[in-house]
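Dear colleague,

Please find below the structure I am handing over to you. My notes on it follow directly after the model.

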Amino acid sequence: MAIDEAIFRENQRTYAPPTLRFYSWSPPSVSLGYFQSTCKEVNVEACRRYSVDIVRRPTGGKAVLHENDLTYAVIASERNPLFPPDILGTYKVISGCVAGGLSELGIVAEMKGEGRSNPDDFLKAACFSSPSRYELLVKRKKICGSAQLRSKGVFLQHGSILVDFDPVKTCALLLPQDGDQTQLAKKLHGSVTSVHEQVGASVSIENICHAVKKGFEKKLDIKLVEGCLTLEEESLKLRLMNDKYMNDKWNMEGKVQDGSGNSD
Amino acid sequence: MKVFPDDLLYNREHAWVRVEGELATIGITDYAQEKLGEILAIELPEVDSYVERDEPFGTIESAKGVFELISPVSGEVVNVNEDILDDIGIVNSDPHDTGWMITLEMSDSEELDDLLDSREYHDFVLKEAESD
């Protein structure tokens with residue numbers, strides 16, 4: 001999270017070319033959307049029991065369990081010609097790139113248009129259960145969730161592509177907990193899928209990453225070049241880690257103390 | 001096309017400011033609220049905190065994402081619109097008036113010179129809308 005935000009903040013200053021990052025999580029973590037309430041959305045006790053960290057994203061959207069997923073971040077200027085200037089247009093283009101990547105793996109994903117679907121409270125709380133903003137469905141099940149932050153002409157889009165999916169564990173970690181857990185897990189299983197389920201075999205995260213990278217390159221007609229953080233990004237990353245993303249005040253309450261981030 | 005009140009000044013981040021002496025009341029424009037869509041949540045600074053020009057003074061979430069609100073001027077927060085914290089829909093329904101967000105005691109009124117008047121903002125928005 002700190003790296004994504006550091007690249008985003010630096011891009012506001014430098015107008016650097018767009019960045020696409022891929023990562024997975026160790027230890028497994030639940031990420032919360034910017035405005036989500038920890039106590040209302042996450043079973044903190046269960047997270048401790050399963051050794052699952054909790055982190056708050058700078059982007060919006062719902063809670064996501066990052067255990068068997070490939071997370072991507074796209075950071076770009078709103079005026080970069082690779083992406084349309086309108087907000088939903090960027091979701092559409094990036095979803096097209098991810099869909100292209102999934103097709104490299106033999107998965108046919110279609111885009112869900114605007115709006116949300118599932119009215120069920122629990123299903124609404126879990127990011128993967130409510131397709132919106134041109135998110136990707138495979139056989140009417142969601143496989144990828146995404147959310148954005150925009151400020152000063154730059155956008156950061158986070159997305160999570162499910163490599164494998166454990167509806168029982170997701171139900172145990174995300175609230176509300178007042179329904180029948182078995183029923184909720186069944187419902188979630190019926191509305192969410194994963195790369196493994198669709199391919200019918202195990203696919204390494206490296207191969208998925210390679211395929212999605214190819215999806216971006218083909219769709220945008222670009223050649224991605226590997227890079228590393230600039231000195232300024234590295235230094236901002238360390239500051240954001242210490243002041244924000246490793247700080248319970250931010251992760252649990254959504255507040256930072258020294259004004260280094262985007263909250264008070 | 002939207003009508004932007006003549007008694008307001010605007011920045012290029014779609015925030016407006018109404019100036020009364022040293023006090024600057026700030027909100028987002030009708031164009032901005034329409035672009036964001038239905039606003040679902042807002043976070044504003046506390047009274048007595050300090051806001052810098054061209055830096056975020058708050059954050060909004062709509063169905064399209066999270067958006068930082070960029071302040072047109074610097075100053076100390078002297079008032080926050082509690083009504084919009086209770087009913088966020090006001091920002092969508094009446095952005096230029098009762099949907100105001102904060103009032104600052106300006107620290108440098110010369111910063112106002114860099115803002116756009118309603119005509120300039122109208123042209124700016126027209127250009128932006130064309131490229132969308």
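**Helix 4 of chain A**

After helix 4 of chain A comes A:Gly106, which has a positive phi, near 85°. Please bear in mind throughout that this is a predicted model. The end C-alpha atoms of helix 4 of chain A lie 27 Å apart; this agrees with the 26 Å that its 18 residues should span at 1.5 Å a residue. Several positions of this helix are buried, among them A:Ile87, A:Tyr91, A:Ile94, A:Val98 and A:Leu102. The buried residues of helix 4 of chain A also include A:Thr90, A:Ser95 and A:Gly101.

**Contact between the chains**

On the chain A side, 19 residues are in contact with 18 residues of chain B. Two elements of chain A, helix 4 (87–104) and strand 8 (141–151), each supply at least two residues of the side that touches chain B. Strand 8 of chain A gives the largest share of that side, five residues. Sorted by class, the side of chain A that touches chain B consists of seven nonpolar, seven polar and five charged residues.

Strand pairing also crosses from one chain to the other: strand 8 of chain A and strand 7 of chain B (residues 65–70) pair in the parallel sense, over two bridges. Within this pairing, A:Leu149 has B:Val66 of strand 7 of chain B as its bridge partner.

**Chain B**

Chain B has four helices and nine strands. Read from the N terminus, its elements follow the order β-β-β-α-β-β-β-β-β-α-α-β-α. The radius of gyration of chain B is 14 Å, close to the 14 Å given by the globule rule for 132 residues, so the chain is as compact as a globular protein of that length. Along the principal axes, the C-alpha atoms of chain B fill a box of roughly 35 × 30 × 20 Å.

Of the 132 residues in chain B, 45% count as buried. Among contacts in chain B with a separation of 6 or more, 62% are accounted for by residues 24 or more positions apart.

Six strands of chain B form an open sheet with antiparallel pairing, in the order 1-2-3-9-8-5. Its edges are strand 1 (9–10) and strand 5 (50–51) of chain B, each of which pairs on one side only. Strand 5 of chain B pairs with strand 8 of chain B (residues 75–80) in the antiparallel sense over two bridges. Here B:Tyr50 has B:Glu76, in strand 8 of chain B, as its bridge partner.

With kind regards

Notes: Residues are numbered from 1 along each chain as its sequence is written. Chains are lettered from A and ligands numbered from 1 in the order in which they are written. This is a predicted model: local features need pLDDT of at least 70, side-chain atom pairs count only at pLDDT 80 or more; totals for chains, interfaces and linings use all residues. Two residues are in contact if their C-beta atoms, placed from the backbone, lie within 7 Å. Ala, Val, Leu, Ile, Met, Phe, Trp, Tyr, Cys and Pro count as nonpolar, Asp, Glu, Lys and Arg as charged, and the others, Gly among them, as polar. Two strands pair if DSSP finds at least two bridges between them. The expected span of a helix is 1.5 Å times one less than its number of residues. A residue is buried if 20 or more other C-beta atoms lie within 10 Å of its own, exposed if 12 or fewer, and partly exposed in between; C-beta atoms are placed from the backbone. The radius of gyration is taken over C-alpha atoms; the globule rule is 2.2 Å times the number of residues to the power 0.38.
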